[in-house]
Amino acid sequence: METKDGMAVRQADVDVAALYVARATAVAIGSLSDLDDEAIRRYEESGYLAVTQALTLEEARQGTEALTELILRPVPEGYQVQFEGQLGGAEPPQGEARLDAVRKLMSFVKVEPRLNAIASHPHLIQAVERLAGGPVRLFQDMALIKPPRGGREKPWHQDKAYFDYPLDTRVVGVWIALDEVTVANGCMHVMPGSHREGPQPHFTRRDWQICDTHIMGKSCVAVPLPPGGLLFFDGLLAHGTPPNTSHLRRRALQFHYAPVSVGTVDPAIRLHAFGGEGRHVTC
Ligand SMILES: O=C(O)CCC(=O)C(=O)O
Ligand SMILES: [Fe+2]
């Protein structure tokens, strides 16, 4: 298993596959126009809702093309790119080799109209506003890539552990598959209903994450999706993605929305709620 520098030694003995034992795959609605009261009730109860075809295949293809162009630009301007193994200080590769070396891109909607069109798609915003209970704004945009054969795990976590909003803010995450995503290439895995348990302690292990022993032995739900499919998920839902053990690339977009009226709070509030270290909680 590949791990972040400095975190490998302590965690070398974790059986990562055992953290992603799915008892089922997520039930999905067909399209955004199928978002009815019953689907909203299911989202509120389970903390997530999958949509099989939210973007058309053409929109997903254009999103992938835009992302590829951003990755191939030798000097990213106006957005951020994070390479696999960058913590080791290695120079990023140039040309096509970049396609399998990038792990994450951030803050690109302001420079990439095709990706901005997806993040601000009226049907998508309408759906997010129903789930959030009012007008929203986009506050984070990312693309997450797992290269074939070894794209790293994203350990279990709650996204609100990373956001400085009041704890009761209705944050809605939208995770969009650009490639077909499967258990083998690292699709989303979720713990149904975990958002109702409130903030869980996070520890610095392979990432800032929920303790493995808290997840081990629990059965989760996998969310395989075709290109253009998406997952709506609550900011408190526990989720993670296994490593990509397949020969296929796994590219996804992730957008986070919050009610327009909400303002940020001191990070100390977040750390008090989610910080596991020094809290007499064992991991
Ligand atoms: O796409 C993934 O692998 C998961 C990403 C994720 O959950 C996050 O960035 O918060
Ligand atoms: Fe996440």
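The legends below describe close-up views of a predicted model.

Residues are numbered from 1 along each chain as its sequence is written, while chains are lettered from A and ligands numbered from 1 in the order in which they are written. In this predicted model, local features need pLDDT of at least 70 and side-chain atom pairs count only at pLDDT 80 or more, whereas totals for chains, interfaces and linings use all residues.

**View 1. The eight-stranded sheet.** Eight strands form an open sheet in the order β2-β3-β13-β8-β15-β6-β5-β4, and the pairing is mixed. The strands at the edges are β2 (28-29) and β4 (80-83), each of which pairs on one side only. Strands here are DSSP runs of E with at least two residues, helices are DSSP runs of H or I with at least four residues, and both are numbered from the N terminus. Two strands pair if DSSP finds at least two bridges between them. Helix α2 (37-46) lies across β2, β3 and β13 and runs at about 135° to β3. For such angles, axes are lines fitted to C-alpha atoms, for helices over the stretch in contact, and the angle runs from 0 to 180 degrees between N-to-C directions.

**View 2. Strand β13 and its two partners.** Strand β13 covers residues 230-234, and five of its five residues are buried. A residue is buried if 20 or more other C-beta atoms lie within 10 Å of its own, exposed if 12 or fewer do, and partly exposed in between, with C-beta atoms placed from the backbone. Leu 230, Phe 232 and Asp 234 are buried on one side of β13, and Leu 231 and Phe 233 are buried on the other. Strand β3 (residues 48-51) pairs with β13 in the antiparallel sense over four bridges. In this pairing, Tyr 48 stands opposite Phe 233. Strand β8 (residues 172-177) also pairs with β13 in the antiparallel sense, over five bridges. Here Val 172 has Asp 234 of β13 as its bridge partner.

View 3. Helix α5 spans residues 122-132, and its buried residues include Leu 124, Ala 127, Val 128, Leu 131 and Ala 132. They lie on the same side of α5 because they cover an arc of only 130° around the axis. The arc is that of the directions from the helix axis to the C-beta atoms. Pro 122 and Gln 126 are exposed, on the face of α5 turned away from its buried side. The buried residues of α5 pack against α2, β6, β8, β13 and β15. Contact between two residues requires their C-beta atoms, placed from the backbone, to lie within 7 Å. Just after α5, Gly 133 takes a positive phi of about 80°.

View 4. Strands β9 and β14 run antiparallel and are joined by two bridges. One residue of this pairing is Val 190, whose bridge partner in β14 is His 239.

**View 5. The shell around ligand 1.** Leu 144, Lys 154, Asp 159, His 239, Thr 241, Ala 252 and Gln 254 surround ligand 1. A residue is near a molecule or strand if its C-beta atom, placed from the backbone, lies within 6 Å of it. Two strands, β14 (239-241) and β15 (250-259), each supply at least two residues of this shell. The shell divides into two nonpolar, three polar and two charged residues. Ala, Val, Leu, Ile, Met, Phe, Trp, Tyr, Cys and Pro count as nonpolar, Asp, Glu, Lys and Arg as charged, and the others, Gly among them, as polar.

**View 6. Two loop residues with positive phi.** Most residues other than glycine have a negative phi. Ser 107, not a glycine, has a positive phi near 55°. Ser 107 is found in the loop between β5 (102-106) and α4 (113-119). Ser 107 counts as exposed because it has 12 C-beta neighbours inside 10 Å. Arg 149 also is not a glycine, and its phi is positive at about 50°. The loop that holds Arg 149 runs between β6 (136-146) and β7 (154-157). With 13 C-beta neighbours inside 10 Å, Arg 149 counts as partly exposed.
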